[in-house]
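Visitor: I would like to learn how the features of a structural model are read, one at a time. Could we take each general idea and then turn to the case at hand?

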Amino acid sequence: MTVIVQPTGIEPADVLAVARGDAKVELSPAAIEAMATSRAIVDGIEASGRPVYGVSTGFGALANTSIAPERRAELQHALIRSHAAGIGAPMPREVVRAMMLLRVRSLAMGRSGVRPVLAQGLVDLLNHGITPWVPEHGSLGASGDLAPLAHCAIVLLGEGWVVGKDGGRASAAEALHTAGLRPLELAAKEGLALINGTDGMLGMLLLSIADAEHLFAMADVTAALATEAMLGSERPFLPELHAIRPHPGQAASAANIHRLLQGSAIMDSHRDDLAHAVQDAYSIRCAPQVAGAARDTLDFVRVTAGRELISVVDNPVVLPDGRVESTGNFHGAPLGFAADFLAIAAAEVGAISERRVDRLLDVTRSRDLPPFLSPDAGVNSGLMIAQYTAAGIVAENRRLASPASVDSLPTSGMQEDHVSMGWAATKKLRTVLDNLTSLLAVELLSAVRGLQLRAPITPSPAGRAAVEAVEPFAGKPGPDIFLAPVLEQTRTVLAGPALRATIEAAIGAPL
C-alpha cells in the first residue's frame, strides 16, 4: 500500500497504514504545487523586508527581535537544535512514524510557506525506515509538540539520533548516509514549520481510537461470556429496554451482548427459572450502559480527530491572498480534552470488567462455581491472584484517568502562558488502553474457566470460540499452573483480530 498525501489531508486509515504497516508515502502533484505556491509568498515577503514572525523575527518571547537577512537560515537551524531538548525513554516507533506523516500532511496543505523538499525529506525518512529517537518528555502541547517534532526535524539536518537496529541510539548522520540521503539546509520559516504542530498528540489519539474500538467490542464479548458463566439473565439486554433510553452506544452494546448469549445450552438451562436471580448485579445488568457510554465517547473523539486531520496546524500561516498571520491553531486543547475523556471512559470499562471477575471467583456470588474457579480450592488458589492483578491495574487506571488537560505551566517568559498538556493526555491514554487490554484478558480467562466448569452443558457459539482459543495454552480447570504466561497469551488472543473475527462469523454480525 502507498499513501498519497494530498493538500486536502489524509484519512485515519492512512496513518495506521504508515505507523503500523510500514506503508510507503508519496506527495501528490497537487500537494507539491500547493507548497511551491505558498513558498513563493514567503520568498516575496523576505525580499520586501517586512517583519513577519518566524520569518524575520525570533520565536516565543523573542518575537520582537529582528533577524538580519543573512542570519535567517542560521535562525532556523538554531531553532531546531535548541528545541530538540527532550529527555527520557524513546517514544514507540509507531508514534514517531505517525507524527512524521502528520507533519507531512500539514505542510502539504500549502499554508506553511515551505519548499516541497522539506516535506519530501520527512517522506524519505518514512520510506527508508529511519525512525528518529524522540524522548518521551518535552512537549506541553502548545505551541504544539515542539520538542518531539524538533527531534524528528534535526534528523533532516543530519544531526541528532535515530533508533538503531538494536533498539539503541544511533547517529542520524550515519543513518542518512547509509540510506543515500543528504542533510537539508533550511530556509526562512522552515524550521518553525517543522515543529509547530499537534502531530504527536494527533498521532497518539488516532492510534488510540483504533485500539479503543477493538477493546470496546471485546469488552462486550467478555461481559457476555462472564454473564453466561455466572448463569446471568439475557433479559436486561433486550432491545426494547434500550430503545427507551436512546443512547446509540448503549443500544449497540446491548445488542452485541444479547446476540452473543444466543445458542447457549447454559443459558437455556436456567432461562425460565426466574427464581434463581430476580435481578443480576450492576456489573452484569449495566454492562451496556457503561460500555455503551464509552462507545459514544469514542464517537466524539473520532469527530475531533477527523477535524484535526483536515486542519492547518502551524504558526504563522500563509494565506492564499499573500497575508502571513499568527494563529493559535497549534494549541492542543481539542485533542487533550478528547484524550482525557476517552481515558475516563476506558478506565470505567476496565473497572466494571474487574467487578465481574470478582463475582466469578467468589463462591458466594458465582452461582455454584467453585472458589476462585479451582476444582480443588484450598491446596490450589485458582485465579485468586489474577483478580489481585486486575484490582491493581484498575487502581492505576483511576489515577491515570485524572485529566492532564486541566493543568498548565507557563513557559517562554510568559509568552506561552497557557498550554494544553495534550501530549501528556494522549500518552497516558495509551497506557490506560494497554491496561484495559490486560483487564479484559483477565476477564476472558476467568469467563473461559467458568464456562469450562459448566461442562457438560455447552456454551454459546461465542463461548465455544473463546474456549477453543484459550484452552490450548490454559488447559482445563485443574491443579494450579504458572499463571503469568497464561495471562500474557490470553492478552495476545484478546488484543489480536482472530478471536473477534471468529466470534463475528459465529454470530453473523460485526461487534
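Visitor: Let us take accessibility to begin with: is F341 buried, partly exposed or exposed?

Guide: In this predicted model, F341 has a relative accessible area of 40%, and because partly exposed covers the range between under 20% for buried and over 50% for exposed, F341 counts as partly exposed. F300 is likewise assigned to the partly exposed class, at 37% relative accessibility.

Visitor: How many aromatic pairs does the structure hold, and how is such a pair described?

Guide: A pair of aromatic rings is described by two quantities, the distance of the centres and the angle of the planes. The structure holds one aromatic pair, formed by F300 and F341, with 5.9 Å from centre to centre and 55° between the planes. The pair counts as tilted, because the stacked class needs planes under 30 degrees apart and the edge-to-face class over 60.

Visitor: How are two packed helices described, and at what angle do α3 and α6 pack?

Guide: Two packed helices are described by the angle between their axes and the distance between the axes. Helix α3 (residues 72–83) packs with helix α6 (residues 146–156) at an angle of about 120°, and their axes are 8 Å apart. That angle makes α3 oblique to α6, because the roughly perpendicular class runs from 65 to 115 degrees and the roughly antiparallel class starts over 145. The crossing in which α3 passes α6 is left-handed.

Visitor: Which residues make that contact, and how do they divide by class?

Guide: On the side of α3 the contact is made by I80, R81 and H83, and on the side of α6 by L146, A147, A150, A153 and I154. By class, the contact of α3 with α6 has six nonpolar residues, one polar and one charged.

Visitor: Are α9 and α17 roughly parallel or roughly antiparallel to each other?

Guide: Helix α9 (residues 199–229) and α17 pack at an angle of about 20°, with their axes 9 Å apart, and α9 and α17 are therefore roughly parallel to each other. Here too the crossing is described as left-handed, with α9 passing α17, and the residues of this contact divide into 20 nonpolar, seven polar and five charged.

Visitor: What separates the C-alpha atoms of G422 and H270?

Guide: The C-alpha atoms of G422 and H270 are separated by 50 Å, and the two residues are 152 residues apart along the chain.

Note on methods:
Residues are numbered from 1 along each chain as its sequence is written. This is a predicted model: local features need pLDDT of at least 70, side-chain atom pairs count only at pLDDT 80 or more; totals for chains, interfaces and linings use all residues. Side-chain values use heavy atoms; hydrogens and water are left out. Axes are lines fitted to C-alpha atoms, for helices over the stretch in contact, and angles run from 0 to 180 degrees between N-to-C directions. Helices (H or I, at least four residues) and strands (E, at least two) are DSSP runs, numbered from the N terminus. Angles under 35 degrees count as roughly parallel, over 145 as roughly antiparallel, 65 to 115 as roughly perpendicular and the rest as oblique. A crossing is left-handed if the near helix is turned anticlockwise from the far one by less than a right angle, and right-handed if clockwise. Contact means heavy atoms within 4.5 Å. Ala, Val, Leu, Ile, Met, Phe, Trp, Tyr, Cys and Pro count as nonpolar, Asp, Glu, Lys and Arg as charged, and the others, Gly among them, as polar. Rings of Phe, Tyr and Trp (its six-membered ring) pair if their centres lie within 6.5 Å; planes under 30 degrees apart count as stacked, over 60 as edge-to-face and the rest as tilted. Buried means under 20% relative accessible area, exposed over 50%, partly exposed in between (1.4 Å probe, protein chains only).
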